[in-house]
Amino acid sequence: MSQANWAEGTAVERSAVDGEAGLHGAAGSSPGTRPSQSAVSPAIHTVALTKRFGATTAVNSLSMTVERGEVFGFLGPNGAGKTTVVKLLLGLARPTGGDGLVLGAPLGDREARRQIGYLPELFRFQALLTAREVLRLHCRLLALPKHAWEEEVGSALLTVGLLKRGNDRVGTFSKGMQQRLGLGVALLGTPALVVLDEPTSALDPVGRHDVREIIRGLRDRGSTVFLNTHLLEEAEHVCDRVAVIDKGTAIATGSLDALLARQSTVRLRVGGLGEGWWSELGRFGRWRRQGEWNVVEGIDPSRIADLVDALVARGGRVEAVIPEHQTLEARFLELLSER
Amino acid sequence: MNPTLIIASLTIKEAVRRRLLLAFLSITVVVVGLSAWGFDRLAHSQSLTSGESNLAVPQALILFMFMLSFVLALSASAIAAPSISSELESGVLMTVVTRPIRRSEVLIGKWLGLAALLAGYAVGVCVLQFAVVRIVSGFLPPNPVLVCVYLFAEGALLLTLSLLLSTRLPAIAVGVIGVAVFGAGWLGGVVGSLGTAFNISALRTIGQIGRFLLPTDGLWHAAIYYLQPASLIAEDGGSRQNPFYAQGAPAWPYLLWVACWFLIVLIAAVASFERREL
Ligand SMILES: Nc1ncnc2c1ncn2[C@@H]1O[C@H](COP(=O)(O)OP(=O)(O)OP(=O)(O)O)[C@@H](O)[C@H]1O
Ligand SMILES: [Mg+2]
C-alpha cells in the first residue's frame with residue numbers, strides 16, 4: 001500500500017502547484033503601450049515585441065516578463081526566433097514593432113549593458129590574445145576597478161575550467177574551450193542579468209554539467225538568467241520558468257511544473273480484478289495495456305488518488321502505482337503539434 | 001581608460017601580434033636597400049654632369065616615393081578592409097558592442113589604432129629612404145617632415161574610406177575597391193595635368209572634380225612639392241604635364257577641404273555602423 005500512499009502524496013503536491021501558475025499564450029497585454037518603469041523593474045519586460053525581416057516575421061508580437069532572480073528558459077525549435085529576441089533585448093537589432101525594458105531601461109541602453117553578461121550564439125574572441133587578456137579587455141570595457149581585475153579574471157577562469165589555459169592564445173582553443181571562455185566573459189563583473197544563447201552547443205557532457213552548475217550558482221547569488229535553448233533536458237534541469245516559442249509567437253509560458261502538470265501518465269499494476277475491468281474507468285484517462293502493466297494516459301494528476309480508491313473499492317489489489325511525469329520533450333512536441 | 005582608447009590599443013596590439021608592421025617594415029628595408037645601390041649609381045655616374053645628376057637624384061627619388069606611397073596607401077586599405085565586416089562575420093565584435101560602449105567609440109577607436117600604425121609605418125619608410133639617399137648622394141628633400149605628413153595623409157584617406165566600406169562590405173570587396181580607388185585618383189590627377197598642359201578644359205574639369213572627390217592625388221602632389229629642390233622647380237617650369245611635378249605648395253582651402261573630407265567619411269562610417277543590425 002505504500003506505493004499508493006506515495007501516489008497520493010504526489011497528487012497533492014501536484015495540485016498545489018497547479019493552482020499557482022497560469023499557463024497561457026503571452027499575447028495578452030495591450031499592444032502599443034510602453035511598458036512602465038518602476039523601482040524594482042522586472043529583469044525583462046516586453047510588450048508586443050515584433051521583428052520582421054522583409055516577408056519573414058522572426059518575432060511576432062511577443063509579450064513576456066522575466067522577474068529578477070529567475071532562471072528563464074526560452075525554448076523553441078530552429079528558426080523560432082530565439083536569437084532574434086536576444087538581439088532585440090541587447091540592442092544589436094532594432095524591433096520593427098512593440099517595445100521592451102531590460103533591467104528597467106530601454107532596449108539596448110548603454111548603462112544597462114554594464115549589468116548584462118552575454119554569451120552569443122556565434123562566439124569568437126580575439127584569436128591573438130590570451131584568454132586572460134580577453135577577460136581583462138572585458139574588465140576594462142566594463143570599467144571595473146583595476147585592482148579587481150585579477151580576482152575577476154581568475155575566478156572566471158576557474159568557474160569555466162580554463163585556469164590552466166589562461167595564458168594560451170585563444171586562437172589555439174578548441175570550439176568548446178572558446179565557448180567556455182565566452183561564458184567566463186559573460187560572468188565578469190557580477191551582472192544582474194546573464195543572457196546565454198545556447199551556451200552548451202559546443203560542450204561535452206562534462207561541460208554541459210558545468211554550465212548547469214554555473215547557472216545554479218548565478219541564481220544563488222541573485223542574478224537573472226535568460227537561457228536560450230532547444231535542449232529541453234537543459235531547461236528541465238535548471239529553469240524556474242520557461243516560454244515556448246514557435247514561429248516568433250509565444251505558445252506557452254509558465255513554471256516548468258505548470259507547463260508539465262496539466263496532465264500526466266500513470267502506470268499501474270493491479271491484481272485481483274478480472275479481464276477488461278478498466279472499461280468502466282475510462283473517465284480517468286485513456287487506458288492502454290503494456291505487458292503486465294496498465295497505463296493511463298492523460299490523467300489529471302489530482303485524480304490519481306481517486307483512481308486508486310476506485311480500484312480498491314472494486315476489490316483490486318494495487319501492487320504498484322507509478323506516476324510518470326510528462327517529459328518536457330513530449331510536452332514540447334505536443335504544444336508544437338497543437339498549432 | 002576611455003572606451004575609444006581601449007579599442008585603439010586593442011587594434012594596435014592585435015596588429016603587432018599579427019606581425020603586420022614587422023612584415024611591412026622588413027619588405028621596406030629590402031626595397032630601400034636595393035634603391036641605395038640605384039641612387040649611388042645615379043649620383044656617381046660618369047655620363048652625367050654634376051648639374052644633371054643634381055636633378056636626376058631628386059627626380060628618381062620622387063618616382064621612388066611614388067611607389068612607396070602606393071605601397072603605403074594599399075597597406076592602409078588592406079589593414080582597414082577586414083576591420084568591421086570580418087569581425088562581425090566571425091562574431092568577435094558581438095561581445096564587444098554589447099558592453100557599455102557606443103558603436104561610434106568602437107569605430108573611432110579602430111580608426112585611431114589603424115591610423116597610428118599607418119603613421120608608424122610612414123615615418124619608418126620616410127626616415128629610412130631619406131637617410132639612404134642622403135648618405136649615398138648627399139641630397140635631402142627641402143621639407144622631409146611635410147613629405148612624410150602628406151604621404152601619411154594620403155594613406156589615411158584610403159584607410160578611412162576602407163573603414164567606411166568595411167561597415168557594409170566583406171573584406172575582399174573593400175580591398176579591391178581600395179586599389180581601384182587609388183588608381184582612379186592617380187589617373188584623375190594625370191588627366192587633369194594633361195588638361196592644364198594642353199589647355200583642354202574638359203580634361204581639366206575632370207581633374208578638378210577628381211581632386212575634390214578623392215584627394216589622394218592632391219595629397220600626393222603636396223608631397224611632391226616638398227620633395228623638389230629649388231633647382232628642379234627653376235628648371236622644370238615648362239614640363240607641367242609631367243605627373244611627377246608639383247607647381248606649387250598645396251593651397252590652404254584645398255587642405256581645409258581635405259580635412260572636411262576626412263570628417264565626412266568618418267561620420268558616414270559611424271552612421272553606417274550604428275545603423276547596421278548585427
Ligand atoms: N538577419 C536576418 N535576415 C533575415 N532573416 C533573418 C535574420 N536573422 C534571422 N532571420 C530569420 O528569423 C527567423 C528566426 O531566426 P533566429 O535566428 O532568431 O532563430 P533561432 O530560434 O535562434 O533558431 P536556432 O535554434 O536555429 O538558433 C528565421 O526564420 C530566420 O531565417
Ligand atoms: Mg539561435
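**Shell of ligand 1.** I looked up where the shell comes from: H2(A) gives the largest share, three residues. This is a predicted model, where local features need pLDDT of at least 70, side-chain atom pairs count only at pLDDT 80 or more, and totals for chains, interfaces and linings use all residues. Residues are numbered from 1 along each chain as its sequence is written, chains are lettered from A and ligands numbered from 1 in the order in which they are written, and side-chain values use heavy atoms, with hydrogens and water left out.

I found 14 residues around ligand 1, counting those with a heavy atom within 4 Å of it. Among the closest are A:Gly79 and A:Lys82. Strand S2 (56–66) and helix H2 (82–90) of chain A each supply at least two shell residues; helices (H or I, at least four residues) and strands (E, at least two) are DSSP runs, numbered from the N terminus.

**Polar contacts.** I took N or O pairs within 3.5 Å. A polar side-chain atom of A:Glu121 sits 2.5 Å from a ligand 1 oxygen, and for a polar backbone atom of A:Gly81 I noted 2.9 Å to a ligand 1 oxygen.

**Magnesium ion, ligand 2.** Which protein donors does it have? I found A:Thr83 (OG1) and A:Glu121 (OE), 1.9 to 2.3 Å away; donors are N, O and S atoms within 2.8 Å of the metal (3.2 Å for Na, K and Ca), and water is not among the atoms, so sites may look incomplete. A:Thr83 lies in helix H2 and A:Glu121 in the loop between strand S6 (116–119) and helix H3 (131–141) of chain A, so the pair ties together parts 38 residues apart in sequence.

Definitions and conventions: A polar contact is a pair of N or O atoms within 3.5 Å; within protein, one must be able to donate a hydrogen and the other to accept it, and residues adjacent in sequence count only if both atoms are side-chain atoms.
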